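Let's take a friendly walk through a protein model. Have the sequence and the 3D view open as you read.

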Amino acid sequence: MRLAFEDVSYSYEGGEAKKRRGRRKKDAARQADWGNAPDAVWALRDVTFTVEPGEFFGVAGHTGSGKSTLIQHMNGLVHPTCGRVLADGRDLAEKGVATEVRRQVGLVFQYPENQLFANTVYDDVAFGPRNMGLGAEEVDRRVREGLALVGLSFDELAERSPFDLSGGQQRRVAFAGVLAMEPEVLVLDEPVAGLDPLSREEFLGLIRELHAGGRTIVMVSHSMEDLAALSDRILVLSEGRVFRLGTPAEVFADAAALKAVGLGAPAPEAFAASLREAGFELGRDLYDERTLAADIAAQLAGTPVAAAPDAAVGFAALRAADAVIEGGGDDA
Ligand SMILES: Nc1ncnc2c1ncn2[C@@H]1O[C@H](COP(=O)(O)OP(=O)(O)O)[C@@H](O)[C@H]1O
Ligand SMILES: [Mg+2]
């Protein structure tokens, strides 16, 4: 599925004002919103982009930049105050379209475990498939598959209360509930926020696999490393506007601009930048740990000790290594 945003603006106030005034006066209300409240806070402003089928689409931006508001437009949970969102060319604001698209676009909220509600894990995961009107056998198959995908044991957990599980397990149950709807597009709002390092890596591995299996992924993240490692393209929001949209190499090429909107570069890329300043020649567009280690090793191997960059390099390298260890470049 192709998801296209066309000049989307969204105001939380505008939405409520519109409801009050009723649908018939919708266009007039839009005019009034713009005219009467030019200083109203727009959560999104003139946002235009397309998520291509099969793409891994990252979304970055400081807190309050509009990321969560943006992705809630993707399955028609929220409708633009102005502009359109199209799913394969069909306007999500049209009657019935959002209902249909909601089956194909699975939205996993931030801290989805807060939305668990059923008495058993089984019923929680089955909620979506049952809502789709599927028969008991198909629902059962999907609950089993959903739990298996997130690495939970059906036999051990299906009949337990989700509220007795650990936080990490609860997140998996919530995730399984969305996967059980077998969405073609998965939209994830900070899916690994608050997880311990091991669960974090497992979750990212799962997301990577789901993408490799053909799903389109939209992922909001605070981690520039995760976005750089996984995304085909990254959209950077700032104050509700598109600040950058491009490949990780394109987006992270201008570290100074990103810093100005409250974001860092991925740690290895920031490390590479400080090494360049210290005299290393590092030619790649975007470094991860492995490529950076390889290029440093290659360069040191080819450099006679006497000609190696001076002590300042060692100093800069140590400082940068510190930043990597502390997770520098990640504004979370
Ligand atoms: N339910 C809401 N009511 C009013 N304003 C909101 C609501 N949710 C978010 N906002 C505002 O919309 C803007 C974008 O918020 P959000 O989409 O949550 O950003 P992000 O996910 O990037 O942190 C912020 O200014 C925020 O305060
Ligand atoms: Mg958010």
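## Before we start

This is a predicted model, where local features need pLDDT of at least 70, side-chain atom pairs count only at pLDDT 80 or more, and totals for chains, interfaces and linings use all residues. Residues are numbered from 1 along each chain as its sequence is written, while chains are lettered from A and ligands numbered from 1 in the order in which they are written.

Helices (H or I, at least four residues) and strands (E, at least two) are DSSP runs, numbered from the N terminus. Two strands pair if DSSP finds at least two bridges between them.

Strands of a sheet pair through backbone hydrogen bonds, either parallel or antiparallel. Here, 4 strands make an open sheet, in the order β2-β1-β4-β5, with antiparallel pairing. β2 (44-51) and β5 (90-91) each have a single partner strand, so one side of each is left without a neighbour in the sheet.

Look at β1 (residues 3-10) and β4 (residues 82-87): 5 bridges join them in the antiparallel sense. Ala-4 sits opposite Leu-86 in β4.

## Strand β9 and its partners

Now find β9 (residues 233-238), where 5 of the 6 residues are buried (20 or more other C-beta atoms, placed from the backbone, within 10 Å of a residue's own). It pairs in the parallel sense with β3 (residues 56-60) over 4 bridges, and Gly-58 stands opposite Ile-234 in β9.

β9 also runs antiparallel to β10 (residues 241-246), with 5 bridges between them. Leu-237 has Val-242 in β10 as its bridge partner. β9 and β10 form a hairpin with 2 residues between them, and Glu-239 in the turn has a positive phi of about 50°.

## Around ligand 1

Which helix gives the most residues to the shell around ligand 1? That's α3 (residues 67-71), with 3 residues. The surrounding residues include Tyr-12, Gly-66, Lys-67, Ser-68 and Thr-69; to be listed, a residue needs its C-beta atom, placed from the backbone, within 6 Å of the ligand.

## A buried loop residue

Val-78 belongs to the loop between α3 and β4. Is Val-78 buried or exposed? Val-78 counts as buried because it has 21 C-beta neighbours inside 10 Å.

Leaving out residues up to four places away in sequence, Val-78 touches Tyr-10, Thr-69, Gln-72 and His-73 (contact puts the C-beta atoms, placed from the backbone, within 7 Å).

Notes:
A residue is buried if 20 or more other C-beta atoms lie within 10 Å of its own, exposed if 12 or fewer, and partly exposed in between; C-beta atoms are placed from the backbone. Two residues are in contact if their C-beta atoms, placed from the backbone, lie within 7 Å.
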